Amino acid sequence: MDTATVTAEHQVKLGDEYENEPVPRARRRSLFSVSAVWVGFPMIMTSAVFSGIIVYNLGFTTGLLAILLGDLVLMGYVGTLSYLAGRSGKNFALTAADTFGSKGFRVVSAFLSILVIGWFAFQTGMVGSTLNLSMGWSPTWITLLAGVLFVGLTFVGIRAISWIGVVASALFIPLGIVAVILSAADRGLAAAFSFDGGAGTAAFGFGVAVTMTIACFIDSGTMTADFTRWARNGKEGALAAFSAFPVAYLIAQLVGAFVVALGASADGAVAGGDFLHVLVGAGGVLVPLAILFVFVNLGSVCAHCLYNGAVGFGNLTGRTMRQLTIVLGIVGVIAAVAGIWSYFATWLTLLGVLVPPIGVVLILDQLVFASRRGVARNDLYWKPFAAWACGAAVALAAHLFAPQLSDAVVAMVVGALAFTALTYLPGKVTA
């Protein structure tokens, strides 16, 4: 029996994922269910790692300010895109087709789908590196095992992703609190507020920190429609996104920030707020719980990313989400075993520069300037692409020549200004 036959049978048993059409009203899910999908996404070890790196470079107070600013930007960005998705029931690819054109959307959808598969590989590799750092286990074999488990989870579909989100957040909160308490055992929690950073003259700037915060979820945040299209309406789609940004994301970030500021990080510059070793070092029941936590916690974000990519390529190729999950999962696991984890700094820069203008253009085109849109669109609508290019180009220049600025914020602002100017150009709106 071939793969297509197997996945077709599971499609019937597990339910339709609506890769090529809006989710029917009768199949929409409750606010709790959609929120559960998003809550378990940013409340992960990766968020703690990056927030810890930010605090290590900027100090506790300044670092938290950068984190909060980035969270608020994500809140508005992802929340608005989620409102559009809940209102229409369309996934990201279908939404992008309305703005970039019936053929032009393929460029955008393929680009972001490739990025999230890269993020899947990155996070899967992080399982191996985290358990290697804390337990001394083989990173290659652990990464391979994690990848197989995460592909299987994604194959089940949106229901499994929803439930693992609940479990992941339920594990993160108590274990995160325990890690902070253990970290504060010697000097007390208040000692964190006097931490001025440990990077010295090598510390990066405030703008870089804001970009890191935004870039960590800008790709799947832009593709939020793949999740929030299941919401019953636009309001519930936005509320589901708000449960993630800033609520769930900030919880994870605070844990990582305190771990570094209290001096409990194994390597503040690289591992940041990774607190697994703190739990393992305490011994007892925390050891097996910590190991389970890594698989469940990072399994949540990996399943989200692989689902994004599979839905995106499913729309592009005409294949089902489950067929693409197997193919893309294999590619991602191979990349993870190859060591993509070591390139996270370059990865975040790429995301912060290239992705933000896409979502801004979608928001402006379908919400702010909706009255100026034509009924029909060309196969490739050039104005969104031009605005995307402007935003990315100026953000890249800011990255190279004005490091004190946030690449991601620059990309959003310039992309928005460019699209606004292009929208008011004389001529037919469908040209």
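Colleague: Does M135 count as buried, partly exposed or exposed, in terms of relative accessibility?

Modeller: The model is a predicted one, and M135 is found in helix α6. Burial requires a relative accessible area under 20%, and exposure requires over 50%. At 26% relative accessibility, M135 therefore counts as partly exposed.

Colleague: Why is the pair of rings of W119 and F122 described as it is, and what is the pair called?

Modeller: Both residues belong to helix α6 (residues 105-135), where they are three residues apart and thus separated by about one helical turn. W119 counts as buried because its relative accessibility is 0%, and F122 counts as buried because its relative accessibility is 1%. The ring centres of W119 and F122 lie 4.8 Å apart with the planes at 0°, so the pair is stacked.

Colleague: How many aromatic pairs does the structure hold?

Modeller: A pair of aromatic rings is described by the distance of the centres and the angle of the planes. With centres within 6.5 Å as the condition for a pair, the number of aromatic pairs in the structure is 22.

Colleague: How many residues apart in sequence are the parts that the pair of Y18 and W230 ties together?

Modeller: The rings of Y18 and W230 are edge-to-face, at 6.0 Å centre to centre and 65° between the planes. Both Y18 and W230 are buried. Y18 lies in the loop between α1 (3-14) and α2 (31-39), and W230 in the loop between α11 (225-228) and α12 (234-261), so the pair joins parts whose separation in sequence is 212 residues.

Colleague: Which residues form one aromatic cluster together with W38 and F41?

Modeller: One member, F245, is joined to P246 by a cis peptide bond with omega of about 20°, and P246 is found in helix α12. Besides W38 and F41, the cluster is formed by F217, F227, F245, Y249 and Y307.

Colleague: With which residues is P42 in contact, leaving aside its neighbours within four places in sequence?

Modeller: P42 lies in the loop between α2 and α3 (45-58), and it counts as buried because its relative accessibility is 0%. The C-alpha atoms of P42 and T213 are separated by 11 Å, although these residues are 171 apart along the chain. Neighbours within four places aside, P42 is in contact with S47, F217, A244, F245, A248, Y249 and A252.

Colleague: How are the axes of helix α9 and helix α19 placed, and at roughly what angle do they cross?

Modeller: Two packed helices are described by the angle between their axes and the distance between the axes. The axes of α9 (residues 206-215) and α19 (residues 407-423) come within 7 Å, and their crossing angle is roughly 75°.

Colleague: What does that make α9 relative to α19?

Modeller: V210, T211 and I214 of α9 meet D407, A408, V409 and M412 of α19. By class, this contact has five nonpolar residues, one polar and one charged. Angles from 65 to 115 degrees fall in one category, so α9 in relation to α19 is roughly perpendicular.

Colleague: How far apart in space are L367 and L84, C-alpha to C-alpha?

Modeller: L367 lies in helix α17 (residues 356-368) and is partly exposed, with a relative accessible area of 35%. Neighbours within four places in sequence aside, L367 is in contact with T80, Y83, L84, R87 and L362. L367 and L84 are 283 residues apart in sequence, and their C-alpha distance is 7.9 Å.

Colleague: Does K103 count as buried or exposed?

Modeller: K103 has its place in the loop between α5 (92-100) and α6. K103 and S30, 73 residues apart in sequence, are 33 Å apart in space, C-alpha to C-alpha. With 53% relative accessibility, K103 counts as exposed.

Notes: Residues are numbered from 1 along each chain as its sequence is written. This is a predicted model: local features need pLDDT of at least 70, side-chain atom pairs count only at pLDDT 80 or more; totals for chains, interfaces and linings use all residues. Side-chain values use heavy atoms; hydrogens and water are left out. Axes are lines fitted to C-alpha atoms, for helices over the stretch in contact, and angles run from 0 to 180 degrees between N-to-C directions. Helices (H or I, at least four residues) and strands (E, at least two) are DSSP runs, numbered from the N terminus. Angles under 35 degrees count as roughly parallel, over 145 as roughly antiparallel, 65 to 115 as roughly perpendicular and the rest as oblique. Contact means heavy atoms within 4.5 Å. Ala, Val, Leu, Ile, Met, Phe, Trp, Tyr, Cys and Pro count as nonpolar, Asp, Glu, Lys and Arg as charged, and the others, Gly among them, as polar. Rings of Phe, Tyr and Trp (its six-membered ring) pair if their centres lie within 6.5 Å; planes under 30 degrees apart count as stacked, over 60 as edge-to-face and the rest as tilted. Buried means under 20% relative accessible area, exposed over 50%, partly exposed in between (1.4 Å probe, protein chains only).
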